[in-house]
Amino acid sequence: MRCIPLHDHPRMMGFIRILEGSVFLRSYDHHSSDAGTGCSGTSPNGFLTVQQRAARWLTAPCTATLEPVTGNLHELEAGEGGCTMLDGKSNFFLFFVCFLF
């Protein structure tokens, strides 16, 4: 797997720790006045409306954070040589870490 498609973790704090290699991170904000509620803004034709927050390469060793509301909608793409990373998420009741790529 070279790409983790666009997804979010509503109302969760997260971090991405690049251990080896590099990854391209794109993050977005829901473009809606009620983004903090977990409700997405949609256009009249039913598509999700978002605003790009960041688009950058992360190269080991590097850590990026995802906030509960801003920048939480994100996608990751491994660099040419692949990557090894930790992806951690937490809310008030849960914390877990998984290895990806």
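The structure is a predicted model, in which local features need pLDDT of at least 70 and side-chain atom pairs count only at pLDDT 80 or more, whereas totals for chains, interfaces and linings use all residues. Residues are numbered from 1 along each chain as its sequence is written, and side-chain values use heavy atoms, with hydrogens and water left out.

Side chains of opposite charge can pair when their charged atoms come close. Under the definition applied here, a salt bridge is a side-chain nitrogen of Lys or Arg within 4 Å of a carboxyl oxygen of Asp or Glu, and by this rule the model contains 3 salt bridges.

Arg26 takes part in a salt bridge with Glu75, with an N to O distance of 3.8 Å. This pair links distant parts of the chain, since Arg26 belongs to strand 2 (residues 13-30) and Glu75 to strand 5 (residues 73-90), 49 residues apart; strands are DSSP runs of E with at least two residues, numbered from the N terminus. A salt bridge also joins Arg26 to Glu77, where the closest N and O atoms are 3.9 Å apart. This pair likewise links distant parts of the chain, with Glu77 in strand 5 and Arg26 in strand 2, 51 residues apart.

Because Arg53 lies in strand 3 (residues 50-59) and Asp29 in strand 2, the pair ties together parts that are 24 residues apart in sequence. Within this pair, Arg53 counts as partly exposed at 48% relative accessibility, while Asp29 counts as buried at 16%.

The cysteines were examined for disulfides, a disulfide being a pair of cysteine sulfur atoms within 2.5 Å, and by this rule the count comes to 0. Cys62 is buried, with a relative accessible area of 18%, and Cys83 likewise counts as buried, at 7% relative accessibility.

Methods: Helices (H or I, at least four residues) and strands (E, at least two) are DSSP runs, numbered from the N terminus. Buried means under 20% relative accessible area, exposed over 50%, partly exposed in between (1.4 Å probe, protein chains only).
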